[in-house]
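Here is a short briefing for a first look. Please keep the sequence and the structure in view while reading.

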Amino acid sequence: MTQEKETASVKAAFEKHFGQTPGVVAYSPGRVNLLGEHTDYNGGFVLPMALRGLGVSIALGKGDKPGVIEAYSDTFDQTELRSIEDGREGRWSDYLLGCLKAVADEDVAATGLRVALETTLPMGAGLSSSAALEVASIKAALALFGRTMSSVDVAVKARAVENEFVGMPCGIMDQFASSVGDPGVAMFLNTRTLDYELVETSPDFAFVIIASGVSHQLVDGGEDGYATRVAECQAACKALNVEMLSDLGVGDLDRINGISEPLNRRARHIVNDNKHVLDGVVALRNHDMAFFGKLMVASHLSQKDDYQITVDETDAIVEAALSFGALGARQTGGGWGGSVVALVEKDQVDAFSQRILDRFEKTSILAVT
């Protein structure tokens, strides 16, 4: 579905649900990450790609109940009523509410707000549905109330909402790719400086995004959760006497290997995956997709062995993808399930995809880009 169709669809949903025309509509894409996992909150390098045809569309209109947000979601087929004064409650509308509080608090308090939300991003697939929702919400609210903000500042604001209101200690990659990225084009981002470059990929190859059927949950507080990895990286920084793990390079691996388990593994992954991104950008510029594929495999193994965020299902899909002719494959997204991205020759995509679907009953092909 194109962006124009998606915004037309959400406009129609708003009109049907609320019986009025929305004031604004907005759309933000999801993303697939090609290289560099969990490096963003360590000040490192990432290589995401905003997606064509997979994203979040939102329609906003002023309400008639000051301070009240009436939010309808097609995904949940329900309307949630929230007050602009509410705190986090563990509901899907927390993402929307946090964004409204961040950029339109007084406006919503004065007028109230009606919201319709539609998404083509499957939840739990590791394609950043939450960041797309945040970016779309902020852009729509700014437009409705007559204010502007740069795409970079929107990404910064959206990340702050997820960190401080939702309670997810993520880096900025997802929000940045959704707000600033160009769908179908890789983005090389230095998450510490926010310097970025758009890098074209080879027209002869495609990235196939495979939903593993294992939904990931990142705000779980479990011992293997995302927040634990963030804390472990902070502990590794202290052990290595650096501000951020991005201060280190491959020349520091001997020193990294000398600190305690599992901190040495966590730091080793960050250093190695930062290098994978840097090498990957060079490979894309040189149209060396075979080498890029090898970097994807190395990145997956680093996620599996050192960062320990893959699951048996994604490991098996990666192994099968390579045996079915993919030049590279890796788990993509925050981890513990979600999706696998595979690099495949364009003329082999259909046959490759069918073999994956035949081998793994729970999988689906989410996109080819």
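In which sense do β9 and strand β10 pair, and over how many bridges? β9 and β10 (residues 339-345) pair in the antiparallel sense, over five bridges. Two strands count as paired if DSSP finds at least two bridges between them. Strands (E, at least two residues) and helices (H or I, at least four) are DSSP runs, numbered from the N terminus.

This is a predicted model: local features need pLDDT of at least 70, side-chain atom pairs count only at pLDDT 80 or more, and totals for chains, interfaces and linings use all residues. Residues are numbered from 1 along each chain as its sequence is written, and side-chain values use heavy atoms, with hydrogens and water left out.

**The β9-β10 hairpin**
- Arg330 stands opposite Val341 in β10.
- Thr332 has Ser339 of β10 as its bridge partner.
- Six residues lie between the two strands of the hairpin, and Gly333 takes a positive phi near 105°.
- Five of the five residues of β9 (residues 328-332) are buried, so this strand is largely enclosed by the rest of the structure.
- Buried means under 20% relative accessible area, exposed over 50%, and partly exposed in between (1.4 Å probe, protein chains only).

**Strands β1 and β2**
- β1 (residues 24-35) is mostly covered, with eleven of its twelve residues buried.
- Ten bridges join β1 to β2 (residues 45-62), and the two run antiparallel.
- Val32 has Met49 in β2 as its bridge partner.

**Nonpolar cores**
- A nonpolar core is a set of buried Ala, Val, Leu, Ile, Met, Phe, Trp, Tyr and Cys residues joined through side-chain atoms within 4.5 Å.
- The largest has 62 residues, of which Leu47, Ile69 and Phe292 touch the most other members.
- Helix α4 (residues 129-144) gives the largest share of this core, nine residues.
- Another core, of 22 residues, lies apart from it and includes Ala236, Cys237, Val271 and Trp336.
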